[in-house]
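Me: Can you walk me through this model? I have the sequence and the structure open.

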Amino acid sequence: MIEAEGLTKFYGPRRAIRNVSFQIEKGEVVGFLGPNGAGKSTTIRILTCYMPPSEGTATVEGMHILEDSLRIRQKIGYLPENVPLYNDLTVNRFLRFAAGAKGVEAKRMRSELGRVISSCGLEKVENRIIGHLSKGFRQRVGLAQALLNNPSVLILDEPTIGLDPTQIVEIRRIIEELREDRTILLSSHILPEVAQICKRVIIINKGEIVATDSPANLTSQLQKTSTILVELSGPSAEFAQAIENLDGIQKVTVENNGTSRFQIETAPSVDLRPEIAALAVQKGCGLLELRAVQLSLEDIFMQLVTEESTQEGAE
Ligand code: ADP
């Protein structure tokens with residue numbers, strides 16, 4: 001379990017985060033989402049005891065970040081944004097060294113290294129020099145290091161940054177496998193990534209938490225309109241006119257390009273698809289497509305971030 005309460009951090013005069021509070025329950029996989037510079041790494045560095053907050057406090061598995069910092073660092077798995085790997089060591093030597101620093105006893109060393117090497121698919125590169133590995137494999141070494149001592153809490157800061165699509169899929173697969181019995185906090189500025197892996201998302205913008213909920217709840221709460229896409233063949237002027245008169249319609253835009261593609265915005269509480277379909281038939285149009293457009297996490301995120309800056313502009 002992770003609990004942050006009123007975390008604020010100044011770098012000199014500059015405030016990076018302000019009054020950041022959240023709770024992550026045992027066994028939850030939570031996404032920490034925000035644009036670059038929002039304060040994700042700052043929050044994570046505080047939770048992993050790499051620096052103290054200016055104000056506020058936090059506990060990880062009941063341990064206090066200021067009083068138990070050494071214990072927290074030994075107990076949790078942390079993948080920093082830039083993994084400090086020793087480039088001239090072999091994978092095996094590096095992991096042995098990291099395991100020692102995490103307090104893994106000599107008699108458990110072999111089995112512990114075997115376990116993390118297998119979890120992260122590092123068997124083939126175990127004896128290679130880290131500096132000669134691809135970025136994807138180096139990231140796996142970073143993850144393997146975080147998994148030493150089998151931590152029940154994993155904190156991963158932008159685990160897929162700088163990787164190519166194949167490597168991203170691989171790292172995501174490894175994270176999926178790790179989720180069992182673990183509390184995971186995963187930061188990212190990439191929305192689909194978080195939506196795929198996490199049941200709950202904490203969104204941070206300009207140093208402050210702006211929302212926290214499941215991707216599905218965020219969508220329904222923030223959805224101000226529903227959008228329906230309709231594609232028709234044949235003349236559609238009469239349909240266009242009639243649609244404007246339906247109750248609940250907010251905005252209609254149309255694109256004519258051989259066929260007519262209507263984008264129809266309605267109030268979120270109504271589903272006008274049956275009426276729209278009936279109207280298309282009644283007006284003698286060929287109904288090629290009719291579907292509701294889901295608001296993506298990306299749309300919600302943009303909405304939250306823009307709302308913030310609009311409010312700021314109004315102040
Ligand atoms: P994120 O991880 O979301 O990209 P960061 O936590 O790295 O955001 O940064 C939050 C803000 O704090 C940014 O404005 C960044 O420029 C600033 N910042 C981060 N690290 C430092 C530092 N060591 N010294 C001064 N400012 C910093």
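Predicted model: local features only at pLDDT ≥ 70, side-chain atom pairs only at ≥ 80, totals over all residues.

Me: Ligand first. Which residues are around the ligand?

Reply: The shell is Tyr-11, Arg-14, Ala-16, Pro-35, Asn-36, Gly-37, Ala-38, Gly-39, Lys-40, Ser-41 and Thr-42. Near here means that a heavy atom of the residue lies within 4 Å of the molecule or strand.

Me: What is the split by class in that shell?

Reply: There are 4 nonpolar, 5 polar and 2 charged residues. The classes work like this: Ala, Val, Leu, Ile, Met, Phe, Trp, Tyr, Cys and Pro are nonpolar, Asp, Glu, Lys and Arg are charged, and the others, Gly among them, are polar.

Me: Which element supplies the largest share of the shell?

Reply: That is α1, with 3 residues. Both β2 (14-24) and α1 (40-47) supply at least two residues each. Helices (H or I, at least four residues) and strands (E, at least two) are DSSP runs numbered from the N terminus.

Me: What sits 2.5 Å from an oxygen atom of the ligand?

Reply: An N or O atom in the side chain of Thr-42. The side chain of Arg-14 also has an N or O atom 2.9 Å from a ligand oxygen. Ala-38 uses a backbone N or O atom, 3.1 Å from an oxygen of the ligand. A polar contact is a pair of N or O atoms within 3.5 Å; within protein, one must be able to donate a hydrogen and the other to accept it, and residues adjacent in sequence count only if both atoms are side-chain atoms.

Me: And how much of the ligand does the protein cover?

Reply: The protein covers 65% of the 560 Å² of accessible area that the ligand has on its own. Areas come from the Shrake-Rupley method with a 1.4 Å probe; for residues, only the protein chains shown count as cover.

Me: Back to α1. Which of its residues are buried?

Reply: Lys-40, Ser-41, Thr-42, Thr-43, Ile-44, Ile-46 and Leu-47. That is 7 of the 8 residues in α1. Buried means under 20% relative accessible area, exposed over 50%, partly exposed in between (1.4 Å probe, protein chains only).

Me: New topic: Thr-183. Buried or exposed?

Reply: Thr-183 is buried, at a relative accessible area of 1%. The residue lies in strand β8 (residues 183-188). Its side chain reaches the backbone nitrogen of Gly-27 at 3.0 Å. Beyond residues up to four places away in sequence, Thr-183 touches several others, including Met-1, Ile-24, Ser-152 and Leu-154. Contact means heavy atoms within 4.5 Å.

Me: Which way do the β8 side chains point?

Reply: Thr-183, Leu-185 and Ser-187 point one way, Ile-184, Leu-186 and Ser-188 the other, and all are buried.

Me: What does β8 pair with?

Reply: Strand β3 (residues 29-33) runs parallel to β8, joined by 5 bridges. There, Phe-32 stands opposite Ser-187. Strand β7 (residues 153-157) also pairs with β8 in the parallel sense, over 5 bridges. In that pair, Leu-154 faces Ile-184. Two strands pair if DSSP finds at least two bridges between them.

Me: What is the strand order in the open sheet?

Reply: The order is β2-β1-β4-β5, 4 strands with antiparallel pairing. The edge strands are β2 and β5 (63-64), and each pairs on one side only. Strand β4 (residues 55-60) joins β5 over 2 bridges, and Thr-59 has His-64 as its bridge partner in β5.

Me: Where is Gly-6?

Reply: Gly-6 is in strand β1 (residues 2-11). Gly-6 counts as buried because its relative accessible area is 16%. Outside four places in sequence, Gly-6 contacts Asn-19, Val-20, Ser-21, Glu-55 and Gly-56.

Me: Last thing. What about the phi of Asn-19?

Reply: Phi of Asn-19 is near 50°, a positive value in a residue other than glycine. Most residues other than glycine have a negative phi. Asn-19 sits in strand β2 and counts as exposed, at 52% relative accessibility.

Me: And Glu-61: what is its phi?

Reply: Phi of Glu-61 is positive, about 50°. Glu-61 lies in the loop between β4 and β5 and is partly exposed, with a relative accessible area of 28%.

Key:
Residues numbered from 1 in each chain as written. Heavy atoms only, no water.
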